[in-house]
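This report covers a helix pair and a set of salt bridges. The sequence and structure come first.

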Amino acid sequence: MSISEEYKVIVQQLELERKNHLDEVPDYEDISQAIKPEIALFTRSLHETVQFLDNECTADQLSWMSEVFEEISAKLQSWEFIDALKRAADRFPEECKKYSIRDFIAYAEGLLNDEVYCQRYPRKRE
């Protein structure tokens with residue numbers, strides 16, 4: 001099963017959870033049947049994730065995924081992931097504005113450790 005097919009199943013679960021208002025429960029991330037598999041899917045292979053973002057990701061999928069950009073970024077520790085997010089966001093300007101997706105990308109970038117961050121910006125963060 002491709003990453004795109006796997007993610008369609010996860011998004012269906014996320015939609016069901018939202019429909020049942022589970023996302024309003026205080027510990028939603030802990031009880032969700034979809035969030036941990038979503039993070040696991042996108043941290044399994046950086047290459048597959050970047051390929052998905054560059055070639056298959058829809059606006060709807062990007063907006064769902066934005067809820068876990070930070071968790072994915074913290075695990076992958078990769079500029080390649082951040083750059084792929086930015087390219088995907090460039091394809092969907094309306095959705096990015098509507099769902100503040102660029103803000104979520106900035107938060108994900110903020111979770112890069114100093115070693116990774118300094119690969120692009122040699123001066124140490126303050």
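## Helix packing

Axes are lines fitted to C-alpha atoms, for helices over the stretch in contact, and angles run from 0 to 180 degrees between N-to-C directions. Helices are DSSP runs (H or I, at least four residues), numbered from the N terminus. In this predicted model, local features need pLDDT of at least 70, side-chain atom pairs count only at pLDDT 80 or more, and totals for chains, interfaces and linings use all residues. Residues are numbered from 1 along each chain as its sequence is written, and side-chain values use heavy atoms, with hydrogens and water left out.

The axes of helix α6 (residues 69–76) and helix α7 (residues 79–91) lie 9 Å apart, at an angle of about 150°. The two are therefore roughly antiparallel (angles over 145 degrees). Phe69, Ile72, Ser73 and Leu76 of α6 are in contact (heavy atoms within 4.5 Å) with Phe81, Ile82 and Leu85 of α7.

## Salt bridges

A salt bridge is a side-chain nitrogen of Lys or Arg within 4 Å of a carboxyl oxygen of Asp or Glu. By this rule there are seven. Arginine 18 pairs with glutamate 67, with closest N and O atoms 2.7 Å apart. This pair joins helix α1 to the loop between α5 (59–65) and α6, 49 residues apart.

Glu6, Arg44 and Glu48 form a network of salt bridges. The closest N and O atoms are 3.1 Å apart for glutamate 6 and arginine 44, and 3.3 Å apart for glutamate 48 and arginine 44. Arginine 44 is partly exposed at 45% relative accessibility (partly exposed lies between buried, under 20%, and exposed, over 50%, with a 1.4 Å probe and protein chains only).

Definitions and conventions. Parallel < 35°, antiparallel > 145°, perpendicular 65-115°, else oblique.
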